[in-house]
Amino acid sequence: MKKYVVKRLVQLIPMILGITFLTFLLLYISPGDPAQKRLSAQGVAVTKEVLAQTREEMGLDRPFIKQYGDWLFHLLQADLGLSYKDGTPVNQKLARGMKNTFVLAAGAFLLAVAVSLPLGIYTAVRKNRFSDYCIRFICFLGNALPNFLLAIVLMYFLCIRINAFPVIAKGSLQGLFLPTVALAFPLASRLVRQVRVAVLKQLETDYVSGARARGVKKGYILFRNVLHNALPSIVTLLGLSVGTLLGGSVVIESIFMWPGLGKLAMDSITARDYPVIQGFVILMAVTYVVVNLLTDLGCRLLDPRIKE
Amino acid sequence: MNKKIFVFLSILIVSAMALAGCRNHTGEGLPVNETEAAGEGREQEKKILRVSEAFVLETLNPHLDYQGWYTSIYGLTEALFAMDDQSSVKPVLAESAEAEGNEWTVKIKENACFSNGNPVTSGMVVRNLKNAGEINPRFSNLLDYNYKIIDDKTFRITTVEVYPTLLNDLASPELAIVDLDNSGDMAKELVATGPFVISKFEPGGTVEVARNDKYWGGEVKLDGAVFYYMPEADTSLMAMQNGELDSYTSVTSDAAEIYGQAPDTYKLVTVPATRLQFYILNENRLGAPVRKAINLAVDSEAIETYLNGTVTSTSGPFSPTAAYGKAAKAAVDPEGAKELLEADGYILNVDGYYEKDGQVLSLNIAYYAARSLDTLAALMQEQLGKIGIKVTLTCEEDPDGTYIATGDFDLALYCMIADKASDPYYFISCTLAEGAPYNCGGFSNGKAQAWIDELKVETDREKRAELANRIVQLAIDEDAFGYVALFNKTTVMRKGVTNVSENCPFDFYFLTADTDMD
Amino acid sequence: MCRIKGNCKDKGRIKENCKEKSRMRENRGDEKTNKSLVRKRIIFFLFLVLLLFIISLLAPYLVPNDPYGTNASYMKAAPSPEFPFGTDKLGRCIFSRVLMGARLSIFFSLLLVMVTMVAGTFLGVVAGYYGGIFDNIIMRLVDMLLAFPQLVLAIAVAGVLGGGMTNMLLALGLTGWTLYARLARGQVMSLKQEEFIAAARLSGNSSLRIMAVHILPNIAGEMIVNAAIQVGTTLVGFAGLSFLGLGVQVPEAEWGSMINEAKGYMQQAPWAVLAPGAALFITVAVFNLLGDALSDYMGR
């Protein structure tokens with residue numbers, strides 16, 4: 001196990017280097033001049049001299065490799081540079097957003113898990129019964145309904161029509177409710193299906209029918225054997241769903257004005273605030289990689305048979 | 001069977017409880033909840049105005065970038081001068097200013113003081129101006145001037161050449177006067193002269209201000225205000241309807257329509273503001289008859305109808321109420337436009353488009369998708385299509401880096417603040433002068449250039465206005481530019497809210513000492 | 001694990017517990033009717049997909065009104081015989097715009113899925129067949145791209161490169177192919193062990209021929225099923241990016257951007273949000289159902 005962990009950690013290094021290179025390259029080749037963008041933020045025209053001076057100050061006149069090298073060097077010291085938009089350290093901005101995104105994403109994740117695990121198991125056990133069909137139908141709706149559409153419809157009916165929730169999401173628990181639901185519902189819909197399949201796969205194995213035949217109690221089989229054996233695949237699914245969650249948070253945060261990383265990313269895209277976008281992408285990728293690593297390790301702990 | 005159901009129910013309940021527990025936990029991280037609840041209770045006694053803003057500050061330094069606009073909106077900072085509702089300069093912290101050639105003598109009000117009680121001295125003012133010049137490239141010209149402190153309340157600025165619009169510059173909110181010795185690095189605290197002081201500042205988030213008890217300008221009516229960051233107008237609309245806001249500016253046309261239906265609850269005020277939508281006709285590519293035909297076909301009043309309430313159609317680049325805003329353009333005349341094209345040798349083809357020598361008359365409109373220019377482009381495409389000009393649209397992400405820089409367009413749409421300091425020179429110099437950054441359609445007129453040079457140094461306001469009117473009219477008559485509409489500044493107020501600078505065309509004023517609510 | 005194996009020992013008694021078991025395992029007869037049922041389902045949804053595809057292709061001829069034609073006297077008009085889904089804030093016919101949006105969304109989603117499938121399969125087959133350096137390069141690239149949450153990368157790419165159809169396709173396609181490459185590689189690796197491949201190689205077939213004639217037909221089914229499942233995701237991805245303002249430009253009609261544009265006046269004209277929303281929902285649902293049916297058929 002120790003050896004495996006070390007091996008995986010070593011593998012992370014070229015991966016993260018690759019991530020940084022890809023991220024930097026992406027922003028380097030992008031159109032638009034950040035200096036211009038910063039100066040004319042309010043639609044006031046600027047002269048060429050002022051523009052050139054600002055470009056130099058921002059280090060935009062250096063060659064690519066130099067810019068990348070400097071940037072990577074600072075990145076290794078956990079310094080993501082300064083925002084083009086207002087000169088604040090990117091770290092500071094990301095840290096602020098991360099706190100809020102974590103609250104939202106963790107809430108949505110827990111909600112999705114709390115709903116989908118029991119439902120997934122339940123529908124697997126009740127396969128092809130009425131309740132199975134009902135739940136699967138709702139999940140089917142959730143799978144085909146994009147989260148932004150759900151968010152808008154929820155917001156319209158619950159905030160405006162019946163005034164049940166505040167529009168300003170930040171600052172109250174009621175405010176947090178709608179974005180959490182909008183983020184969790186599509187995720188839960190998918191998870192229910194996947195958990196159901198994972199559990200079904202176990203239920204349909206011979207050992208289950210064998211055990212049933214020998215008169216072992218159903219509940220006992222379910223909890224002692226079936227869930228135990230399905231757990232690694234469920235954990236993997238949960239790990240993968242974090243990716244969906246991180247992507248979805250960008251959309252949901254933008255709709256509900258939740259001051260998290262996704263909102264920050266969208267604002268930075270509009271402002272061509274490259275350092276912040278870079279920081280955001282890298283932070284997301286690293287989070288995802290780490291989550292996946294932990295999931296893999298978790299699966300190995302749960303099921304020692306898995307061999308690389 | 002029952003057992004199974006029981007087991008599942010218990011899983012469900014346990015997970016729900018785990019979730020609830022977690023939620024409560026996260027709830028502790030958000031103490032705002034309590035303060036808000038408490039705020040509601042206090043609201044009866046305390047007058048706190050709740051406002052939304054589409055921009056957010058990272059620091060409180062008003063000299064940086066455009067941050068002064070927002071510290072001014074929040075009622076925190078004031079400059080030596082300010083622009084009033086009629087777009088003219090009036091003294092604020094300054095008592096008076098007199099010019100003699102390139103020397104300006106400015107006197108500061110006797111009673112002007114900071115929120116900590118320290119008086120505003122001429123030394124502090126000069127330090128502020130220099131500081132702004134250093135950290136804000138748009139004001140770097142302030143570093144070229146000579147400053148002389150005459151006494152505690154008087155100082156003299158000597159500019160390099162005669163500079164008639166110095167006072168307009170000094171009215172820029174970026175040149176706010178701050179107590180530099182007591183504001184730290186202005187990251188989180190700020191001691192300035194405005195009617196309000198900062199009480200809670202969350203970088204990139206909500207800003208709370210409270211009454212400045214030592215305000216030099218008299219009594220401040222409100223107890224405080226909260227500015228929420230809401231970049232999307234839709235959110236502001238819903239929050240307003242939900243009773244979470246009391247007022248905000250930049251109301252969209254859709255929202256205005258909704259507020260208009262409930263006049264008992266909301267008050268709407270719309271004034272033409274300073275942001276101009278215009279288009280540049282490329283003289284290098286389009287002949288005079290085609291340009292004239294385009295200008296005759298573009299119906300800015302119809303565009304105003306579509307963008308209902310957000311813009312006011314205009315003939316010239318400046319507000320028609322200003323002395324320098326007297327410009328006239330020909331009335332819309334699609335038939336006349338067609339005749340012009342036919343006289344130029346164009347023949348209508350079977351598809352309904354004009355062509356000459358087998359070449360269809362087709363135009364490329366370059367635009368960017370902001371400030372309703374996307375709608376404007378779609379509407380112009382339709383209007384020009386009706387008189388038989390085929391239009392293709394090219395959307396650019398970054399107009400300044402693309403079509404404005406290269407001149408690669410037939411027609412270019414742009415939106416900018418035409419009147420940033422109640423003076424016409426700025427806009428004229430950057431769109432109509434030779435080699436100006438936005439003179440990218442080949443406008444070149446000796447007479448206009450001579451007038452522009454004259455305008456630069458002319459000190460008499462009336463003569464300035466007359467020169468400006470002549471220059472702009474020349475550009476219109478030559479069909480070099482088309483001025484479409486001025487954006488309105490629309491403010492919505494819940495009934496009882498008064499004096500939120502709703503009649504002022506400039507975006508950077510909002511909270512004042514007179515702002516009040518029931 | 002021993003415990004479980006022990007449980008499986010006596011398979012003989014399975015039939016005694018028929019009632020319970022029939023829910024868990026289907027016997028041969030069930031499987032047969034099931035298979036033909038699934039086949040019918042596939043045909044039905046294929047028909048629906050085809051219908052959607054035809055609508056999207058013929059959209060310019062089906063629209064009752066000009067989808068770009070503005071009309072000041074019909075701004076935000078409610079649905080009527082003339083405008084079946086009402087009009088938006090510029091007086092444009094929403095029904096016509098939804099149809100034109102179908103053209104963009106459906107056609108380009110299918111195109112993108114097709115291209116990523118072909119490219120991904122090709123790279124995966126090459127990686128699996130040749131192994132070595134090819135395999136290493138391709139798989140490292142796949143790993144790297146999979147390190148990013150897909151939507152996050154797409155938003156960053158589309159946002160940074162600026163809006164527009166091409167950039168949006170690029171943003172979504174950048175990670176799309178990795179799925180097929182991984183699958184194809186895995187399948188090729190196991191096929192390579194099979195005797196018929198070795199036999200083909202021994203009888204002097206070129207690598208290219210082996211890949212095209214012996215390997216591709218064996219993995220095509222799996223690839224197509226995966227592609228069918230991906231169409232729904234791609235549709236939502238498209239709409240999501242457009243909704244964020246990173247997709248197509250105005251006045252082009254696209255469901256996501258129509259929803260984004262109309263959400264500002266949802267209170268006065270809910271149809272302007274609901275019509276494109278419903279269109280998107282139905283289309284995604286149909287493609288998802290087809291994908292489900294196909295994967296049921298493949299026994300997955």
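## Basis of the model

Local features of this predicted model require a pLDDT of at least 70 and side-chain atom pairs count only at pLDDT 80 or more, whereas totals for chains, interfaces and linings use all residues. Residues are numbered from 1 along each chain as its sequence is written, with chains lettered from A and ligands numbered from 1 in the order in which they are written.

## Overall build of chain A

Chain A comprises 12 helices and 0 strands, where helices (H or I, at least four residues) and strands (E, at least two) are DSSP runs numbered from the N terminus. The C-alpha trace of chain A spans about 85 × 60 × 30 Å along its principal axes.

Of the 308 residues in chain A, 49% are buried; a residue is buried if 20 or more other C-beta atoms, placed from the backbone, lie within 10 Å of its own, exposed if 12 or fewer, and partly exposed in between. Among the contacts in chain A with a separation of 6 or more, 72% join residues 24 or more positions apart, a contact being a pair of residues whose C-beta atoms, placed from the backbone, lie within 7 Å.

## Helix α8 of chain A and its partner α6

Helix α8(A), residues 173–203, is mostly covered, with 22 of its 31 residues buried. A kink of about 30° lies at A184(A), shortly before the proline P186(A); the bend at a residue is the angle between axes fitted to the seven residues ending there and the seven starting there.

The axes of α8(A) and α6(A), the latter formed by residues 130–144, come within 8 Å and cross at roughly 130°, axes being lines fitted to C-alpha atoms, for helices over the stretch in contact, with angles from 0 to 180 degrees between N-to-C directions. That angle makes α6(A) oblique to α8(A), since angles under 35 degrees count as roughly parallel, over 145 as roughly antiparallel, 65 to 115 as roughly perpendicular and the rest as oblique. I135(A), C139(A), G142(A) and N143(A) of α6(A) meet residues of α8(A) including F185(A), P186(A), A188(A) and R193(A).

## Helices α5 and α11 of chain A

Helix α5(A), residues 90–125, packs with helix α11(A), residues 261–270, at an angle of about 135°, and their axes are 7 Å apart. These two helices are therefore oblique to each other. K93(A), L94(A), G97(A), M98(A) and T101(A) of α5(A) make the contact with L261(A), G262(A) and L264(A) of α11(A), and the residues involved divide into 4 nonpolar, 3 polar and 1 charged.

Leaving aside neighbours within four places in sequence, L123(C) is in contact with I138(C), W177(C) and A181(C). The C-alpha atoms of L123(C) and F134(C), 11 residues apart along the chain, are separated by 8.9 Å.

Conventions:
Two residues are in contact if their C-beta atoms, placed from the backbone, lie within 7 Å. Ala, Val, Leu, Ile, Met, Phe, Trp, Tyr, Cys and Pro count as nonpolar, Asp, Glu, Lys and Arg as charged, and the others, Gly among them, as polar.
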